[in-house]
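Morning, everyone. Please have the sequence and the structure open while I talk.

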Amino acid sequence: MAGKFHLGWFLNFVADEWNGNWGDGGRDFTGDFYVEMAKDLERAKFDYVLIEDKLMVSTAFGGTMEHDLKHGVNPKHDPVPLALLMGNATSRLGVIPTMSTSFYPPFLLARLSSTIDHITKGRFGWNVVTSGEDRAAQNFGLDKLYEHDERYVRASEYLELVSRLWESWEPDAIVRDYATGTYADHTKVHTIDFEGKYFKSRGPLNTAPSPQHRPSIAQAGASPPGRELAAQHADTIVAPSDGVEAMKAYRDDIHARMRAHGRDPAHCKVLYIVAPIVADTTEEALAKRERWFNDPRYIEYMLAEISSITEIDFAQFDLDKPLPEVWTNGERGALNSFISRGKDKTLRELVTGSGLSGNVQFTGTPEEVAAEMAAVMDEVGGDGFLITSPVMRLNRRYVTEITDGLIPALQKMGRTRQEYTTTMLRDHLREF
């Protein structure tokens, strides 16, 4: 049996399951619910929580904002302040908000990241995205988004620039020399004089070197340019769970790309998105899954969600016919994962199969699901799972079922962390 694997949680700063039995009605945007959840995740010894983001209200589904707003896809609040709140309420859990290379000025992002890494004592991460929506571009003065592959060329230059900014202070630049009255040695702080095709920055950064020196980098690239970016920079990768063979092939590909860049594959952990459904009995769990996934509101919500992510209007397709060939300039990895669930399946079957988490569905008692997760991880070879709610709307009951049901079962098997032995996020990821 293989050793321990890592755990993260994937969420977004939206209303809770406001119209379900276990939510608070979607009234609270103080972040209190998510802060409470962060404490639960730390108690369960998760590596990190990753907070997804989008910068627009989508009109992709049916050409209207109606469904995005009806189903609470929006309002969606900024993940960075929430990450700070969650980090402040915990002492070990890593916090990874999403920020877009297409819209954040590089110097601003580098400075913000360094600042929060100080405040969280080395537990800050940045989920690198290029954004995939024309509606987002139009909020920043553009008519449409850059072409998919060009976005990744820009992102590669962006990461080179922010990395240079984080390195603009030598690690020992702050000397605190009482004899000479010198706080920081000016000979150890350098301009970077960066001038690329897309970005230009003098530097240096005007923040002190942070505990990790650079935030831990998360990335979700599934397309070849995305994989290449992740192989160069990522400490952890968000990957779809498209079946054991595809998961293993993805990890092997990332490792090969990392070696080509002179990186140790052990320095980047691939976490696969899954949405476990647990209950006291197998029958209860299966009934819950059936009830959730076949609810007409859920189907409409999921179609609106996949439309938003890909900017393809899925309202135009017959639910009970196979999906025709489609293409996107948006999130190609998400689209490919969705389509990979079955070439001959109807759109309804694709949507109700396993939500947006992928093809691997874990359903049963905590002990059964823990055993299945361990078996999949053994076949894939590592590195862990990124858990998300099956219905993309969180409530306290689901969080508790995972943190106080599933995780103890995994811990009893010796497959997940029982105690933290490190304090900073990158060290959590490299612990095993």
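One term before we start: two residues are in contact when heavy atoms of theirs lie within 4.5 Å. Also keep in mind that this is a predicted model.

Take Arg 396, which lies in helix H14, residues 396–412. Which residues does Arg 396 touch, leaving aside its neighbours within four places in sequence? The contacts are Trp 22, Phe 33 and Glu 36. Now look at Asp 16. In sequence, Arg 396 and Asp 16 are 380 residues apart. In space, their C-alpha atoms are 9.1 Å apart.

Is Arg 396 buried, exposed or partly exposed? Its relative accessibility is 34%. Buried means under 20%, and exposed means over 50%. Arg 396 falls in between, so it counts as partly exposed.

Next, the barrel. Eight strands close up, in the order E1-E2-E3-E4-E9-E10-E11-E14. The pairing is parallel. From one strand to the next, the twist averages 30 degrees. A quick reminder on sheets: strands pair through backbone hydrogen bonds, either parallel or antiparallel.

Let's zoom in on strand E9, residues 216–219. On one side, E9 pairs with strand E4, residues 125–129, over 4 bridges in the parallel sense. Find Gly 125: Ser 216 of E9 stands opposite. Then find Asn 127. What is its bridge partner in E9? That is Ala 218.

E9 also pairs with strand E10, residues 236–240. This pairing is parallel too, over 2 bridges. Here Gln 219 has Ile 237 of E10 as its bridge partner. How does the chain get from E9 to E10, and through which helix? It goes through helix H7, residues 224–233, in a right-handed β-α-β crossover.

Now the faces of E9. In a regular strand, side chains alternate between the two faces of the sheet. Ser 216 and Ala 218 are on one side of E9. Ile 217 and Gln 219 are on the other. All four are buried, so both faces are covered.

Two helices to finish. Helix H3, residues 79–88, lies across strands E1, E2 and E3. H3 runs at about 170 degrees to E3.

Helix H6 covers residues 148–166, which is 19 residues. From first C-alpha to last, H6 reaches 27 Å, close to the 27 Å expected. At the start of H6, look for Glu 147. One of its side-chain oxygens comes within 2.9 Å of the backbone nitrogen of Asp 149.

Key. Residues numbered from 1 in each chain as written. Predicted model: local features only at pLDDT ≥ 70, side-chain atom pairs only at ≥ 80, totals over all residues. Heavy atoms only, no water. Pairing = 2+ DSSP bridges. Axes fitted to C-alpha atoms, helices over the stretch in contact; angles between N-to-C directions. Buried < 20%, exposed > 50% of the residue type's maximum accessible area, 1.4 Å probe, protein only. Right-handed = clockwise from strand over helix to strand, strands pointing away. Expected span 1.5 Å × (residues − 1). Polar contact = N/O pair within 3.5 Å; in protein donor to acceptor, adjacent residues only side chain to side chain.
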